[in-house]
Amino acid sequence: MTKIDAKIPQGPLAEKWSYYKSHQKLVNPANKRRLDIIVVGTGLAGASAAASLGELGFNVMNFCISDSPRRAHSIAAQGGINAAKNYQNDGDSVYRLFYDTIKGGDYRAREANVYRLAEVSNDIIDQCVAQGVPFAREYGGLLDNRSFGGAQVSRTFYAKGQTGQQLLLGAYSALSRQIEKKTVKLYTRYEMVDLVVIDGRARGIIARNLVTGKLERFAAHAVVIATGGYGNTFFLSTNAMNCNGSAAWQCYKKGAYFANPCMAQIHPTCIPVHGEFQSKLTLMSESLRNDGRIWVPKKKEDAAAIRAGKMKPTQIKEEDRDYYLERRYPAFGNLVPRDVASRAAKERCDAGFGVGNTGLAVYLDFSDAINRLGENVVRARYGNLFQMYEKIVDDNPYETPMMIYPAIHYTMGGTWVDYELQTSVPGLFAIGEANFSDHGANRLGASALMQGLADGYFVLPYTIQNYLADQIRVPRFSTELPEFASAEKEIQDRIAKLMSIKGKRTVDSIHKELGLIMWDFVGMGRNEEGLKTAIEKLKAVKKEFWSNVFIPGSGSDMNTELEKALRVADFIEIGELMARDALDRQESCGGHFREEYQTEEGEALRQDDKFSYVSCWKYMGEGQDPELIKEPLDYEFIVRQQRNYKA
Amino acid sequence: MDKTINVTLKIWRQKGPKVKGAFETYKLDNISTDSSFLEMLDILNEQLVSKGQEPVVFDHDCREGICGACSLYINGHPHGPDDSVTTCQLHMRRFKDGETITIEPWRSAGFPVIRDLMVDRQAFEKIMQSGGYVSVNTGGVPDANAIGISKIDADEAMDSASCIGCGACVAACKNGSAMLFVSAKVSQLALLPQGRIEAARRAKAMVARMDELGFGNCTNTGACEAECPKNVSITNIARLNREFISAKLKD
């Protein structure tokens, strides 16, 4: 039985990180220059890490799948970033942010990691302001805050509805400065296609140059993956088209455990699906729930009339509207956490009260806010979001309520890491959404930006030194070593195999089939029978893919279909691991809702005595069942409770 | 029910930077007017691949108008006929049944074609690297509320900072000038006390790099502002000129 060590430092919760920092090993400036670090990914986590490591004096190689780091999907985060500044004097503190995050994650995250996250949250805001991030301000010149789901304080900093953009541009500018100083070398339009492990340690990657189609080898003393989540397994998600789980999946196949794969977040406020040709779903920021009220008709006949296009939402009288979140959760109302809001919407639609022509939509209504604050105030707060909605749906949300429905948005699961953000492969680190660590079974709004930047600016630059301190005598590696050659051969063979199938299906058609299976059986509501069905169906999809996919063009040239095919091959396997993990976890927690485990009121019912662990899956080879290793979650400092957002 | 239209596409196909390109014509039927422009291209590519042909290559990623990856010159306009949107947010309801739609890559000396509709925008990276930042390292910075900033300045800086780096301004400009892009970054940081400290150095470095890379001069035609999907204003260019001249005068 493999044992797992999360390397949590000793001492009281609030002193663990300080203790770690004062006792860890460091690398002196002269030696830093001799150490090479590969950072894969240039989103918030990757760009902030590459910039910070470059500033420290390490020799950094940074890989970007797009033509610029600014394209990374962190750019699309709208609402904001949390921090425990307590600038609003409303009772916030590091402890409260820690507590809210643990509770929001339904008690499936590590206490020590989350406390550290809350602790460094304030430094992130300071750093971003120093970089020139134009956060929203009050007339007095100080920073403004807004509130977000799962919290009773206003701790969210924001830059209009474009907070992710501004934070990413901040990290990107810091990265650009290091590129100019030549401490970081940036490789754009490169995709990591394999990890190279030498004597049990991560020592490099194989990357595909997406413009030439050639495979290239890169060696380093340590490898960091910051490649985001695997939400696109579902085909339709709020993720960007290039987001994929392949880098993490290659690491899994080279020995890095994959943790809690079933924990995926469904975001409650997305624009509903409208057609088969649809390529992605668009998120409407959670911040809208500050002023928007969510409802469906109280009467089934009204809902039916709306679906048939015979009635407009504005014709439904106040007393005939069911503001179901306010009804069910009086204390948090429209600001319950995302998993709770998503399931409540599904429950109403499944019961026949859904609106829109598909019946899979609920209303997000701003008429009260417009009456109370005036249209100008609402426009100032959410103008860009309203404009985006109108461009897509062709409906004016100032006059008619928006229609929204949940969609896959974020994956809490990911590559397993210890307290140092190191994976189970020594020398391989995972940061940002790519790792599993801090959000437990459900992430709170405005916490993804916080975690990505915490890992990149303030955690990894410390913890990676504890590993690299032992590596100062290790000379630079040659990419002529047999391990590089065999890794390259493996991926070359895989590409050759894909190109040789010459079947009848396009990559996208198989990806869509995969997505539908995932949404139906591994989506918002899961049960044993459905998950077993999913696993069978996914095996069939895998077979279909490897025997009937068609990719035009050449394997050694720019080939966008081949790029997609390599990712979809991995998504199919990730999907199967998600279903397997969901089947194992016989409880409901956060974003993972097993229908067999719910309270009488339909709330998630955890089974703390049996499932208070992180599921770490270890790859055992093609065709073999992966091994499940459990990292127990011992709660030393807080008492677990049934989550309650009612009172 | 969905309304559908039939369209004829004239698309620029080019195998590589040094290879001669040409327009190819494709017909597409029954396109839902609710689909986005890029979804329409997805449908075309699905059909091409099904016929064993290579798909049209174009840059795209977030498909919600913020990453700046998508480009395309559509019927003579960067990002197409709609105002204040990127190509990914443009919807087919903006086109008529039977319409012929011409799709070209950004055409500018600064952005060589890589393949088909995909261009190389590394020049923007190099301009950013020359000075598009505040020179602070991670850590050791003052408390975020230690610096008061007027809401008016902060909001104006935010407007400048909303540039997505797509390159439409360069593509729209008859001189191939990158002034709107450069001035947006210079303005954002010049408006804030954090960026003020090295404002002169930044303006000079970014303008020098821009010139070095072969972008043209600004002659105030205003095409960049008119075509910018994020409505970045040419008042930024006026500010850049002021910053640049006052920096040069101090030399």
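In the predicted model, strand β1 (residues 36-40) of chain A pairs with strand β9 (residues 222-225) of chain A in the parallel sense, and the pairing extends over four bridges. Within this pairing, I38(A) lies opposite V223(A) of β9(A). Helix α13(A) packs on the sheet and touches β9 and β17 of chain A, its direction making about 150 degrees with that of β9(A). The sheet as a whole is open and consists of five strands of chain A, arranged in the order β5-β2-β1-β9-β17 with parallel pairing. The edge positions are taken by β5 (184-188) and β17 (428-430) of chain A; each has a single partner strand, so one side of each is left without a neighbour in the sheet. On average, neighbouring strands of the sheet are turned by 20 degrees against each other, direction ignored.

A further set of strand pairings in chain A involves strand β7, which has antiparallel partners in both β6(A) and β8(A). Strand β6 (residues 190-198) of chain A is joined to β7(A) by eight bridges. One of the paired positions is I198(A), whose bridge partner in β7(A) is R201(A). The hairpin formed by β6(A) and β7(A) has two residues between the strands, and D199(A) adopts a positive phi near 50 degrees there. The pairing of β7(A) with strand β8 (residues 215-219) of chain A comprises five bridges. Here I205(A) has F218(A) of β8(A) as its bridge partner. β7(A) and β8(A) likewise form a hairpin, with five residues between them, and G213(A) in the turn shows a positive phi of about 80 degrees. Of the nine residues of β7(A) (residues 201-209), seven are buried, so the strand is largely enclosed by the rest of the structure.

The contact between the two chains takes 61 residues from chain A and 67 residues from chain B. On the side of chain A that touches chain B, at least two residues are supplied by each of the helices α3 (44-56), α5 (111-131), α6 (163-180), α12 (375-393), α13 (448-468) and α17 (560-584). The greatest contribution comes from α6(A), which gives nine residues. By class, this side of chain A has 24 nonpolar, 22 polar and 15 charged residues.

Chain B contains nine helices and seven strands. Its C-alpha atoms fill a box of roughly 60 × 45 × 35 Å along the principal axes. Of its 251 residues, 54% count as buried. Among the contacts in chain B between residues at least 6 apart in sequence, 70% join residues at least 24 apart. The domain assignment divides chain B into domain 1 (4-115) and domain 2 (122-250), and the C-alpha centres of these domains lie 29 Å apart. The contact between them takes 18 residues from domain 1 of chain B and 17 residues from domain 2 of chain B. The side of domain 1 that touches domain 2 has eight nonpolar, nine polar and one charged residues.

Key: Residues are numbered from 1 along each chain as its sequence is written. Chains are lettered from A and ligands numbered from 1 in the order in which they are written. This is a predicted model: local features need pLDDT of at least 70, side-chain atom pairs count only at pLDDT 80 or more; totals for chains, interfaces and linings use all residues. Domain bounds come from an automatic or database domain assignment. Two residues are in contact if their C-beta atoms, placed from the backbone, lie within 7 Å. Ala, Val, Leu, Ile, Met, Phe, Trp, Tyr, Cys and Pro count as nonpolar, Asp, Glu, Lys and Arg as charged, and the others, Gly among them, as polar. A residue is buried if 20 or more other C-beta atoms lie within 10 Å of its own, exposed if 12 or fewer, and partly exposed in between; C-beta atoms are placed from the backbone. Two strands pair if DSSP finds at least two bridges between them. Axes are lines fitted to C-alpha atoms, for helices over the stretch in contact, and angles run from 0 to 180 degrees between N-to-C directions.
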